[in-house]
Amino acid sequence: MRIGLDLTAIADPDDRLGLAVEADRLGLWAVLIAGRAGTETIEAATVATVTASIPLAVKLDADRDHPLSLAEEVSVLDHLSGRRALAIVDGQPERVDHVAGLLAGRIVDGTALSPPPAQTAVPVWSAAGIATAELSGDLDDDARVVDGWRDRGCTHLFVAWPGPLPVLARHLVTRAAGPDFPSIVAELADRIDPPTG
Amino acid sequence: MKIGIGLWCVQSTATAPRAFTGAYRELLDDARLAEQVGIHSLWLSEHHGYYDGYCPALLPAAAAALASTERLHVGTGVLLLPLQRPERVRLAADELGRRFEGRFHLGVGMGYRPSEFRAKGLDMADRVDLMNAGLDVVGADPRPGPVWVGVTSPAAARRAGRRGLGLFISGAFSPEVVDTLVTAHRRAWTDAGRPGGAQPPVGLLRNLWLADTEAERRRALDWVRSSYLVYAGLGWGASDTGVDFASEIEASMDEVEDSATVGSADQVAEHLGSYDVDLIVCRIGYDQPPRSALTEVIERIGRELVPMMA
């Protein structure tokens, strides 16, 4: 299971940007982009300019905006970010499919998405289907939460994390990666190289 | 007079195919270069559903250009407002205005390709109503930052003036037509009781290049001529615009060439100085020039033209 950072509870835009940069450096799977509803692709484009390789998950509402408009924004974001767009779309299933179809290269309602995205197809996930967890910063408690999601077969989990990101990366991203992480490695790493936050 | 550059459309055309991801990277490189050489602003342009990928989503592109710079202003020249939900545009403009401290300029226009309206479930016949409803939202006080309206008729210029919104004039017009539009805009603003207090600005797009020798001049004019193919293609791509783009292509290219301002920095500055406007957007975003020619003209505009027009 891979762990991404949920930025949606971070109020300050500069804080969000700093966390995205750090998550990118530490190799977290993705960031869930925040910002006022309706401005997510703007924020994602901003984050794209200061990060190198972390996927940018943007929440979109296909009932509120035209699926073609949303697909166009995501496609431009995919180019701006170098293949890092990931769309998390809320709305009626046929409208979500409309967004997904366009981003997969299909002609929908007589229209093709132009430009097509940089990725072969941008992943479009249903907002109802994504897994999120609010972690406490207590590593014993959080380990149980992470284990629970992983053992239920979850592949990608967004977490809200209150502590320093290097702690998340060292203790929980590692633990989530497979069923057999020897946690003593993270504990010894803390002794060799204490986390500074 | 402020000097900007435009129009970044981020296309991959039949005449000059390229990778889109690289084109967006170049947009950000160009923005940084423009800032470095002292250019006021960089302007983006929008179309939808055309084969060449003409940028359909200006707000994320503007956000990335703003985030890549510290002083450069970035504008949409223009965002097709009837094709968007205006509340979403307003949210984005507010966000960009706040985050980038007034460096974002929202330029809006109506659009003219029926297929772009149909693709979003709209009827182009409703475009004036949609535009006015949209202006009510994006132009409402307190404004997110500078708001400009792209116009082609005195009636539209008056609509912008009455609301105290800036005027963004296309590159195709003669100095006389420009004058008519500017006059209509300012009079409407005055007659409406000077909304906003300060006279709303006027921006003018000009097909332009800096060239010192006759050979350079000819080469630049050929680039400007060939840009007509992009415009004509947009027309062919929407056969029901009512405009016959194909039959008189040479004559139309002659017209585009005549409208262009190509010459030394002195000559260009003298011509631009004859317009009573606040901002000139030098249209240098053609698909033909090699990259080295584009970056050279950006540098020359910043280092030579900008100081002359200050």
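## Surface and size of chain B

Chain B exposes about 12,200 Å². Carbon and sulfur atoms supply 50% of that area. The structure is a predicted model.

The C-alpha atoms of chain B fill a box of roughly 50 × 45 × 40 Å along the principal axes. The radius of gyration of chain B is 18 Å. A compact globule with 310 residues would have a value near 19 Å, so chain B agrees with that expectation.

## Inside chain B

Chain B has eleven helices and ten strands. Of its 310 residues, 58% are buried. Take the contacts in chain B between residues at least 6 apart in sequence: 76% of them join residues at least 24 apart.

Where does I5(B) sit? I5(B) belongs to strand β1 of chain B, residues 2-8. Its relative accessibility is 0%, so I5(B) counts as buried.

The neighbours of I5(B) come from several parts of the sequence. Leaving out residues up to four places away, I5(B) touches A34(B), I39(B), S41(B), L42(B) and W43(B), among others. The list also includes V281(B), C282(B), I284(B), I298(B) and I301(B). L91(B) is 86 residues from I5(B) along the chain. The C-alpha atoms of these two residues are separated by 26 Å.

S259(B) is in helix α9 of chain B, which covers residues 249-259. Is S259(B) buried or exposed? The relative accessible area of S259(B) is 14%, and buried means under 20%, so S259(B) is buried.

Which residues does S259(B) touch, not counting those up to four places away in sequence? They are G171(B), A172(B), R206(B) and N207(B).

Most residues other than glycine have a negative phi, and most peptide bonds are trans.

E101(B) has a phi near 50 degrees, a positive value in a residue other than glycine. E101(B) is found in the loop between α3 (86-99) and β5 (104-109) of chain B. With 70% relative accessibility, E101(B) counts as exposed. R194(B) is not a glycine either, yet its phi is positive, at about 50 degrees. The loop that holds R194(B) runs between α7 (175-191) and β8 (202-210) of chain B. R194(B) has 45% relative accessibility and counts as partly exposed.

The bond joining G77(B) and V78(B) is a cis peptide bond. Its omega is about 10 degrees. V78(B) lies in the loop between β3 (73-76) and β4 (79-80) of chain B.

## Chain A in outline

Chain A has seven helices and seven strands.

Chain A exposes about 8,600 Å², with 50% supplied by carbon and sulfur atoms. Buried residues make up 50% of the 197 residues in chain A. Among contacts in chain A between residues at least 6 apart in sequence, 72% join residues at least 24 apart.

## Two helices of chain A in contact

How do the axes of helix α2 and helix α3 of chain A meet? Helix α2 covers residues 40-50 and helix α3 residues 67-81. Their axes come within 9 Å and cross at roughly 10 degrees. Angles under 35 degrees count as roughly parallel, so α2(A) and α3(A) are roughly parallel to each other.

Helix α2(A) brings T41(A), A44(A), A45(A) and A48(A) to the contact. Helix α3(A) brings E73(A), L77(A), L80(A) and S81(A). The residues of this contact divide into five nonpolar, two polar and one charged.

## A cis bond in chain A

Which form, cis or trans, does the peptide bond from S114(A) to P115(A) take? The bond is cis, with omega near 0 degrees. P115(A) lies in the loop between α4 (93-103) and β5 (124-126) of chain A.

Conventions: Residues numbered from 1 in each chain as written. Chains lettered and ligands numbered in written order. Predicted model: local features only at pLDDT ≥ 70, side-chain atom pairs only at ≥ 80, totals over all residues. Heavy atoms only, no water. Axes fitted to C-alpha atoms, helices over the stretch in contact; angles between N-to-C directions. Helix = DSSP H or I, 4+ residues; strand = E, 2+ residues; numbered from the N terminus. Parallel < 35°, antiparallel > 145°, perpendicular 65-115°, else oblique. Contact = heavy atoms within 4.5 Å. Nonpolar A, V, L, I, M, F, W, Y, C, P; charged D, E, K, R; others polar. Buried < 20%, exposed > 50% of the residue type's maximum accessible area, 1.4 Å probe, protein only. Areas by Shrake-Rupley, 256 points an atom, 1.4 Å probe, with all protein chains shown as cover. Rg over C-alpha atoms; globule rule 2.2 N^0.38 Å.
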